[in-house]
Amino acid sequence: MSRYAGIRGRRVLITGASSGLGFAMAKSLLSQGARVFVTGRNQGRVTQALAELRSPPGECAGAVMDVRDEQSIRAGLAQMLEIWGGVEVLINNAGIGMRTVSPKFLTDPKLFWEISAEGFRNLIDTNLTGYFLVAKQVVAHFLKAGGGRIINISMNHETMRRRGFIPYGPSRAATESLSHIMARDLMESHVTVNLLLPGGATSTGMIPDEVPDAMRPQILSADVMAEPVAFLCSDEAQGVNDQRIIAKQFALWKEAWKASEEGRPA
């Protein structure tokens with residue numbers, strides 16, 4: 001993985017970082033010297049993640065944070081501020097998947113009218129409202145400090161339209177709308193907002209055990225996020241705003257972005 005300037009010492013809050021994509025991104029940033037605050041809903045899993053992640057050159061701390069609960073968000077953020085005195089990057093990653101409403105969603109999907117109202121609300125509250133609530137708290141600190149970065153984790157457009165993917169698909173479609181509007185609302189500030197997604201099914205706890213054998217070779221490693229998240233937290237990404245970056249195609253995106261920057265009038 002490339003080494004990026006400006007990451008060392010940078011204070012990064014990652015929600016849902018006790019496993020999966022969040023854990024992989026935390027590991028990547030810590031390897032480049034960032035100060036990463038890991039959050040999750042379960043104290044035992046947060047404690048285990050911290051034990052596995054603590055290694056130089058970065059620094060790692062964490063707390064329980066339920067992104068559906070404003071008081072829990074405030075308490076977790078307060079712990080980060082007490083330890084490091086600020087926050088410079090928010091990675092909104094906490095989410096739950098289709099397994100919570102349809103355990104065999106790949107092999108025996110439930111159609112939308114078969115999904116419980118409670119399951120629908122719980123997933124939307126976590127995957128969408130959670131992004132809003134955490135960003136709402138953190139952006140106040142960004143504006144006071146004169147800048148900051150928000151990275152919202154999303155997924156493929158195909159999955160947003162896939163049969164049997166309510167409410168997960170709508171939750172991430174709404175995440176993308178939320179991100180674009182956040183970017184525009186913050187346009188007059190020095191706070192940037194970008195979307196990052198793996199680019200395919202990824203090996204995390206959201207994938208059911210009954211994955212068809214034909215699909216297994218296509219499943220991405222969570223480490224596909226390592227390079228692009230390091231870039232987005234680095235000095236090189238200064239001014240990158242309102243972009244949708246597919247991790248699997250990061251090299252191509254970066255090449256096109258550099259070409260567009262070079263062709264922009266001074």
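Predicted model: local features only at pLDDT ≥ 70, side-chain atom pairs only at ≥ 80, totals over all residues.
Me: What makes the count of disulfides zero here?
Reply: A disulfide needs two cysteine sulfur atoms within 2.5 Å. The sulfur of Cys 233 is 14 Å from the closest cysteine sulfur, in Cys 60, and that is too far for a bond. So with a cut-off of 2.5 Å, the count comes to zero disulfides.

Me: And why is Cys 60 called buried?
Reply: Buried means under 20% relative accessible area. Cys 60 is at 12% relative accessibility, so the residue counts as buried. Cys 233, at 1% relative accessibility, counts as buried too.

Me: How do you know whether Asn 92 is buried or exposed?
Reply: Check the relative accessible area: for Asn 92 the value is 1%. The limit for buried is under 20%, so Asn 92 is buried. The residue is found in strand 4 (residues 89-92).

Me: What does Asn 92 touch, leaving out residues up to four places away in sequence?
Reply: Thr 15, Gly 130, Tyr 131, Val 134, Ala 135, Ile 150, Ile 151, Asn 152 and Ile 153. Each has heavy atoms within 4.5 Å of Asn 92, which is what contact means.

Me: Why is Phe 132 called partly exposed?
Reply: Its relative accessible area is 39%. Buried is under 20% and exposed is over 50%, with partly exposed in between, so Phe 132 counts as partly exposed. Phe 132 lies in helix 4, and its contacts, not counting residues up to four places away in sequence, are Leu 178 and Met 182. The C-alpha atoms of Phe 132 and Arg 68 are separated by 9.6 Å, although the two are 64 residues apart along the chain.

Me: What makes a set of residues a nonpolar core, and which residues have the most contacts inside the largest one?
Reply: The members must be buried, come from a set list of residue types that includes Leu and Ile, and be joined through side-chain atoms within 4.5 Å. The largest such core has 69 residues, and Leu 13, Leu 29, Ile 91 and Leu 196 have the most contacts inside it. Helix 4 (residues 117-145) brings the largest share of this core, nine residues. Apart from it lies another core, of eleven residues, including Val 101, Ile 115, Leu 123 and Met 160. As a general point, nonpolar side chains tend to be buried together in soluble globular proteins.

Me: What is Ile 91 in contact with, leaving aside neighbours within four places in sequence?
Reply: Ile 91 is in contact with Val 12, Leu 13, Ile 14, Thr 15, Met 25, Leu 29, Ile 151, Ile 153 and Val 229.

Me: What makes a space a cavity and not a pocket?
Reply: In a cavity a 1.4 Å probe fits but cannot get out, whereas a pocket is open. There is one cavity of 30 Å³ or more.

Me: Which residues line the largest cavity, and how do they divide?
Reply: The lining is made of Arg 149, Ile 150, Ile 151, Thr 192, Asn 194, Leu 232, Ala 237 and Val 240. Five are nonpolar, two polar and one charged. Arg counts as charged, so Arg 149 is the charged one in this lining. Strand 5 gives the most, with three residues.

Me: And what lines the second largest pocket?
Reply: The second largest pocket, with a volume of about 430 Å³, has 23 lining residues, and Glu 88, Gly 147, Gly 148, Arg 149 and His 190 lie nearest its centre. Helix 4 gives the most to this lining, with three residues. The lining divides into seven nonpolar, eleven polar and five charged residues.

Me: What stands out about the backbone at Asp 242?
Reply: Asp 242 has a positive phi of about 55° although it is not a glycine. At 23% relative accessibility, Asp 242 counts as partly exposed, because the value falls between the 20% and 50% limits.

Notes. Residues numbered from 1 in each chain as written. Heavy atoms only, no water. Buried < 20%, exposed > 50% of the residue type's maximum accessible area, 1.4 Å probe, protein only. Helix = DSSP H or I, 4+ residues; strand = E, 2+ residues; numbered from the N terminus. 1 Å grid on protein atoms, 1.4 Å probe; cavity = no way out; pocket = protein on both sides within 12 Å on 5 of 7 lines; lining within 4 Å. Points joined across faces, edges and corners; volume = space filled by probe spheres on them.
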